[in-house]
Amino acid sequence: MYTYESEGADIQAKAYAPGHITGFFQIHEHENPHRKGSTGCGIVLNGGVTTEVKIGRSVEKTEVFLNGKRVEGRTTRTVAEMMTELPVRIKSWAEIPTGCGFGASGAGALGTAYALNNALSLNQTIKSLTEYAHVAEVVNCSGLGDIAAQSSGGVVIRLQPGGPEFGLVDGIPAPEARVFCIVLGEISTGSVLRDEAASSRINSAGKEAMSELLKKPTLENFMQQSKAFASKTGLMSSRAKDVIEAANSNGGLASQAMLGDTVFAIAPYSQQFRLYEALQEFGEVLEYGISTCVPRLMNE
């Protein structure tokens with residue numbers, strides 16, 4: 001059990017984890033949360049979540065804050081409860097939208113695990129910290145595969161489900177690319193994952209998308225398989241369909257982020273401005289890059 005080094009001391013640590021957009025996936029249920037998860041493919045972004053933890057005499061109960069507001073933060077709170085019995089004040093700042101398919105809950109969970117490990121000198125390995133975050137996501141139905149991707153970076157193919165103890169990932173060697181996003185609204189990850197009919201459609205389309213991607217593992221084919229998946233599952237909203245069609249007509253490849261009512265698009269460099277202008281007709285265009293970034297500690 002950790003004890004405070006000095007009377008009244010507060011200990012802080014800060015960590016960062018990247019966002020992640022899933023293009024398609026297949027659900028793999030298991031009673032063991034370490035084995036439960038998803039297979040599929042997605043892209044890690046150069047925007048994410050910074051998380052700071054504070055532990056000490058001034059912290060009387062565990063609280064979670066997101067962008068300055070107190071939130072329930074079930075996934076982040078679960079990570080803290082698994083790692084320590086001490087109360088923790090957790091503050092996260094997201095440079096990606098929350099609840100819209102950018103993997104914000106996973107990024108917050110990873111940042112919390114890394115920061116707590118440092119603050120409490122727990123001396124856990126990256127594999128162990130990733131496992132904490134994965135289990136927290138799964139038991140709270142806030143995600144299934146973001147953690148595996150966010151811990152790897154790039155364009156990640158999740159070949160086997162679960163945390164790092166059981167999961168297996170590969171990747172697509174992709175060039176640097178800008179990722180343009182239009183957020184149309186939120187989709188509750190938990191409500192979709194608990195819907196048996198939706199899960200059946202997801203698993204059928206996800207299995208087919210993976211098979212087709214592995215025949216030709218390129219960024220362009222990933223985008224095409226992602227679009228087909230969104231359409232076949234019925235998860236694509238009518239507005240998202242309009243945005244995707246506009247992107248396709250202006251030199252881009254586009255699909256819907258899973259699980260969120262968000263369109264993400266890429267284009268060759270020569271077509272990026274044309275794509276950006278077309279997307280602006282539908283709202284604010286968020287711009288990120290595909291990143292090989294992985295979770296990391298930050299200096300105070």
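Author: The dialogue below takes up confidence, strands, helices, annotated domains and single residues in turn.

Reader: What kind of model is this, and how are its residues numbered?

Author: This is a predicted model, in which local features need pLDDT of at least 70, side-chain atom pairs count only at pLDDT 80 or more, and totals for chains, interfaces and linings use all residues. Residues are numbered from 1 along each chain as its sequence is written, and side-chain values use heavy atoms, with hydrogens and water left out.

Reader: What pLDDT does the protein chain average, and where does pLDDT stay under 50?

Author: The term pLDDT denotes the predictor's confidence in each residue, from 0 to 100. The protein chain averages 94, and 97% of the residues score at least 70. Over residues 1-7, however, pLDDT stays under 50. For residues 1-7 the model has 11 contacts beyond four places in sequence, a contact being heavy atoms within 4.5 Å.

Reader: How is a strand read, and with which strands does β1 pair?

Author: Helices (H or I, at least four residues) and strands (E, at least two) are DSSP runs, numbered from the N terminus. Two strands pair if DSSP finds at least two bridges between them. Strand β1, residues 10-28, pairs with strand β2, residues 37-56, in the antiparallel sense over 17 bridges. In this pairing Gln26 stands opposite Thr39 of β2. Strand β1 also pairs in the antiparallel sense with strand β12, residues 296-298, over three bridges. There, Ala15 has Leu297 of β12 as its bridge partner.

Reader: Is β1 mostly covered or mostly uncovered?

Author: Burial is judged from relative accessible area: buried means under 20%, exposed over 50%, and partly exposed in between, with a 1.4 Å probe and protein chains only. Of the 19 residues of β1, 16 are buried, and the strand is thus mostly covered. His20 has its place in β1 and is buried, with a relative accessible area of 0%.

Author: The expected span of a helix is 1.5 Å times one less than its number of residues. Helix α3, residues 126-139, has 14 residues and reaches 20 Å from its first C-alpha to its last, close to the 20 Å expected at 1.5 Å a residue. Its buried residues include Leu129, His134 and Val138. The buried residues of α3 pack against β2, α1 (74-83), α2 (104-119) and α4 (146-150).

Reader: Which residues of helix α9 are buried, and on which side do they lie?

Author: In α9, residues 272-280, the residues Gln272, Leu275, Ala278 and Leu279 are buried. They lie on the same side of α9 because they cover an arc of only 125 degrees around the axis. The arc is that of the directions from the helix axis to the C-beta atoms. The buried residues of α9 pack against β8 (178-185), α8 (238-248) and β10 (261-266). Glu277 also lies in α9, but at 41% relative accessibility Glu277 counts as partly exposed.

Reader: Which residues do the UniProt domain annotations cover?

Author: UniProt positions are given in the numbering used here, feature names are shortened, and annotations may be inferred rather than shown by experiment. According to the unreviewed UniProt entry, "domain: GHMP kinase N-terminal" covers residues 81-154. Over that range the chain is 51% helix and 8% strand, with the end C-alpha atoms 30 Å apart. The entry also gives "domain: GHMP kinase C-terminal" for residues 212-284. Over residues 212-284 the chain is 53% helix and 14% strand, and the end C-alpha atoms are 33 Å apart.

Reader: How far apart in space are Gly190 and Val139, and how far apart are Glu277 and Ile90?

Author: A separation can be stated both along the sequence and in space. Gly190 and Val139 are 51 residues apart in sequence and 10 Å apart in space, C-alpha to C-alpha. Gly190 lies in helix α5, residues 189-193, and at 7% relative accessibility it counts as buried. Glu277 and Ile90 are 187 residues apart in sequence and 39 Å apart in space, again C-alpha to C-alpha.

Reader: What backbone angles do Asn123 and Cys141 take, and are these residues buried or exposed?

Author: Asn123 has phi near 60 degrees, a positive value in a residue other than glycine. Asn123 has its place in the loop between α2 and α3 and, at 70% relative accessibility, counts as exposed. Cys141, in the loop between α3 and α4, has a positive phi of about 55 degrees although it is not a glycine. At 19% relative accessibility, Cys141 counts as buried.

Reader: Which peptide bond is cis?

Author: The bond from Met258 to Leu259 is cis, with omega near 5 degrees. Leu259 lies in the loop between β9 (253-256) and β10.
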